[in-house]
Amino acid sequence: MSSLTLERGLYDFKAAIDAPIASFFSSCVHCGLCAEACLFYVETGDPKYTPIRKLEPLRRVWEQEYTILGRIKKAVGLSKPVTDDELEEWKELLYASCTMCGRCSQVCPVGNDIAYMVKKAREGMVSSGHAPPALVGAATRAVKIGSPMGVKWPAVQNQIKHVEADTGLKIPVDVQGAEYMPLLSSMEIINFPEYLGALAKIFKQAGITWTLASKAFEATNAGHQIGSSDIERELVVRVVDEAERLGVKFVIGPECGHAFNAIRWDGPELIGRPYKFRVLHIIELLEQLRAQGRLKVDSKVTERLTFHDPCNMARKSGIVNEQRNLLNMVATEFVDMPDNGIHNWCCGGGGGANSMEEYEHLRLKAFGRKRWQLESVQPELLVTACANCRLTMEEGLEHYKMEIPIAGLTEMIAEHLKEDESAA
Amino acid sequence: MDFLLWVRGPAFNIAVAIFVIGVLARLFEILVLGRKSLYSEPKGAQMGPGVAEIFKRSVPLPDIVKRGAVTLVGGYIFHIGLFITIFLFVPHIEFIHSVFGVRWPGLPNPVVDAVTVITMVALIVLLVHRIRQPVKRMLSTSEDYLTWLVTFLPILTGWLAYHRIVNPYPLVLGLHILSVEVLMVVLPFTKLMHTFTVFISRWYNGAIYGRRGVQS
Amino acid sequence: MSALDQIAVRVETADRFAHNALPVLHEVRHALRRLVEAGESTVIDLHSMPFGPGDEEDLLAALGTGEVAAQLQALGESRVTETIYPGVWIVDHYNTHGQRIAFQIEVTPVPSVLVAHADDMADGLQRLEAALADPAEPECRPASNELRSQHG
Amino acid sequence: MVDSITLGESLRRQGVSRRGFMKFCAATASMMALPPSMVPAIAASLEKARRPSVIWLSFQECTGCTESLTRSHAPTVEGLIFDFISLDYHHTLQVAAGDQAEAAREAAMHENAGKYIVVVDGSIPGPGSNPGYSTIAGISNYDMLMETVKGAAAVVAVGTCAAYGGLPKADPNPTGAVAIQSVVRDKPVVNVPGCPPIPTVITGVLAHFLTFGKLPELDALGRPMAFYGQSIHDRCYRRPFYDKGLFAGTFDDEGARKGWCLYRLGCKGPMTYNACATAKWNLGTSWPVESGHGCLGCSEPNFWDAGGFYQALSIPTSNVTRTATAAVAAGAAIGIAAGLANRAKKASAAKQHKTVTVDQLGEG
């Protein structure tokens, strides 16, 4: 018998419902417009993917527990209780077909933040034992091994050696009192190792002190994706402890959307206090350096390129102009896709959806949105700033046989850095 | 006439009482739930963007205008229509003046009449759309049809009363007032509550994203 | 109602035909067309018209005074006037106290009230013959048309 | 007493010419609000009509109805009608008094059993209330009414008091006043409401009975359709201003001077059915709206309790402000209670939360 029970889930649903959620549910008029903002509905045409419907179990708990009429209905047995079977059915809706991209939250005419509610609903899904196995695995590895992809510090050390050899630059580790502490995502470590080298080059040019933390190199937060605040907290605390122990002024979120969201916005709420350091997205930092004239390039990308705004970065953290300024510095022909910036369409793999292999077909179908966006501008190069988006889009482009290479913005800048600039 | 006196007198009092108690109770029941304290370093303010969102949210995204045209256009028409018929029809202004002591100029009756017809057409189109469009059909519960009806009936009976199509007039006027009373009684306990909570929801939405520095 | 008529009433309306005179004129137009085309007569009861101040004056002014004017003395005075539109008559009945009891527009070649009735003509013939037969009493008229009201 | 001769014979005896009779018929048609095309039929009927006996009972009333009928219009064509009815009992108008008066009533009832008309003005204390509130010759109104209508052909309830209870029935109705039609159920009752009714309407109804020997067509409230078929509002010459949204806001503003609609000043025309707008008052001189004052709605049931005369029809009659104030307090109290209960429930749910560990996840 599992210790995760429906009862625990319902308690978490109840605990999750706050004034905004009560207001959101009270306001919903069933207009269905959120569906038109959701890439899963728009591409499949299946009404079950309507965003607000994904919250039906949470809504019923709200109605039965927190409304006057609902309490009466529950008391006289007129309301349908939430069951295990129902939650099992909703697993697909709350995880595989929702990336918490927040586009519905932006469209809802009454202003309901549906993504906010999905995040809260996942809490009860986890504690009632209805979280998807793929995310359970990732969370387990993250907690037990230190990284959802099973990357351990020695693997990073190995990367460091390669980067130091390639660039001739020293990668600082566990340096007390360094100004900046960048985090890495597992994907960057495994799939896009260029990122670390790019950081080293940029920081050298900008002349800032930085350090990796051997006990907190991993930025990804499987707890955030699965929706368990306990696990998310445990993973955040690792970073916070090390950053505060090393006394850094800034922790730098990597090119990884949910990781930045977890450390930037969720973390202080989870530990119940402000950090003793600030959190910046790497793109925010680069833009600061560019604006201060500490980031210079001596060549430019000449391909026609476009930028995919990761949801966690643009729509959810307001980082929109930063990447455009950087792109205009480093590229000659930057074009925006339709619906860009905070209105961008999700890659289809965020919020943990990407790790659920059994739903690859759905993800690829939903990628139709991105395909349409890309076909509208016909880029020769697609740039983004999120390793997870990048991976999802690579799969999508391959599936649709679209030969558009994808680059990370930080690496692209690093490649074109003015070489002879000496440290300040 | 007895019926008209009843709906204008005791029934109206009952409806007002249920409406006011219901709305306030619902608002408190929502707001008292509160929100967790926020410790993350804010990137923007909450209050300003929250208030701004209350207005900004009325402007839909261009791609939604295309995809949700019926819902949006129909919704706009009937909401504006409701506003005009409720607040710019002289007899209604007299009522508001008697209760709240404020008054403003009304529109000529033929204009209100035309708006009423347009509003009813929009509501009927939206009902058909609700029945036929897969997403709305799936989302719809009996409550959605009930609220449609209690919204539609005051407009219909008001229009019939204005045109004096049903005789005798006190009956149709009484039915009009009664239908409004039904609407007032139903409003706090159904999705019609969005009349009030829409401001709270939009504010929260604007505040949540405003705090994160998202320029919407 | 001379006393009431002396109260000065100033009618403030922006336009002529502000109220209901114009619809009545159109009704007259339709009635006249029926008379011309089908020979059908019409009586319009002006008492049933929701006239506002000035409406009656507007209507009468618009219809004007034509060629024929007749006065009757039967249960009080009646005035029958042709308007400037031949076939359109104003028929205005008063009682013995000079109070209006009926007010009509008749659209017809001759208003029915002007036409002598067969019974009355037969009665008249009888009286004329009687008068000629008995020269001592040349005038044998109906007793009176001044009827007094007696309640109870 | 009822004459055996017909109206036609009676008129001819008085030397009225055929032309005069037709004029009389035209006036009668106009008075009955019947179309002029009905005149030949009216003439044919009147020719053969006989004088009916009328017993007029006055109960809880102010004599305004009788005043309306006699003072303002006599002698007119209605007066002529009265020449052709036999008003056998009317204690305001009759010469006889005391026992003689009651004897006249009883004689009329006896001689014309089944054929006379009872006209009633004023309401009566209902059968359940103290009969002492209103008596005539020691007989309670209720008893006198029931006794008199027993042999009647029809009952005409003149004035709003008789028709619907009127002022005596106004809240709190101390005498337990009721309308005639609520106690007289086995006879045809026609209501001629108004406070007072338009004189020509009273006589028009009697003329109708005289002419056609039966009561006119009635609406749902027992009123003759011919006079009460349309509302004041529908026949109002100021209606175009209502439609254009031009309203007088006070009794001395520009709108009032220009004769705009009086809705905002409390005109009850839209809910009131009467013939004022066409029949008018004081021999067709004017009527309330034409004189610049809104309709009070006097021909409708309970008009006295239907809200302030100077409050627009759309304004509720109840004290909404007081109700709303009380409701605000109640709503806030209930809301805070419900809110606190919600908070407590949320807090206890949060307390029930047991930390989720990956080991637990692994079990699933």
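A residue is called buried if 20 or more other C-beta atoms, placed from the backbone, lie within 10 Å of its own, exposed if 12 or fewer do, and partly exposed in between. The model is predicted, so local features need pLDDT of at least 70 and side-chain atom pairs count only at pLDDT 80 or more, while totals for chains, interfaces and linings use all residues. Residues are numbered from 1 along each chain as its sequence is written, and chains are lettered from A and ligands numbered from 1 in the order in which they are written.

**Exercise 1. Describe helix α10(D): how many of its 14 residues are buried, and what span should they have?**

Step 1. Helices are DSSP runs of H or I with at least four residues, strands are runs of E with at least two, and both are numbered from the N terminus. In α10(D), 13 of the 14 residues are buried, so that the helix is mostly covered.

Step 2. The expected span of a helix is 1.5 Å times one less than its number of residues. For α10(D) this gives 20 Å, which agrees with the 20 Å between its end C-alpha atoms.

Step 3. Just after the helix, D:Gly213 takes a positive phi of about 70 degrees.

**Exercise 2. Work out which parts of chain D meet where domain 1 touches domain 2.**

Step 1. By an automatic or database domain assignment, chain D is divided into domain 1 (7-228), domain 2 (232-305) and domain 3 (324-348).

Step 2. The centres of domain 1 and domain 2 of chain D, taken over C-alpha atoms, are 28 Å apart. Their contact (C-beta atoms, placed from the backbone, within 7 Å) takes 17 residues from domain 1 and 14 residues from domain 2.

Step 3. On the domain 1 side, α8 (159-164), α10 (199-212) and α11 (225-228) each supply at least two residues.

Step 4. That side divides into 11 nonpolar, four polar and two charged residues, where Ala, Val, Leu, Ile, Met, Phe, Trp, Tyr, Cys and Pro count as nonpolar, Asp, Glu, Lys and Arg as charged, and the others, Gly among them, as polar.

**Exercise 3. Summarise chain B: how many helices and strands does it have, and what share of its residues is buried?**

Step 1. Chain B has 11 helices and zero strands.

Step 2. Its C-alpha atoms fill a box of roughly 65 × 35 × 35 Å, taken along the principal axes.

Step 3. Of the 216 residues in chain B, 46% are buried.

Notes: Two residues are in contact if their C-beta atoms, placed from the backbone, lie within 7 Å.
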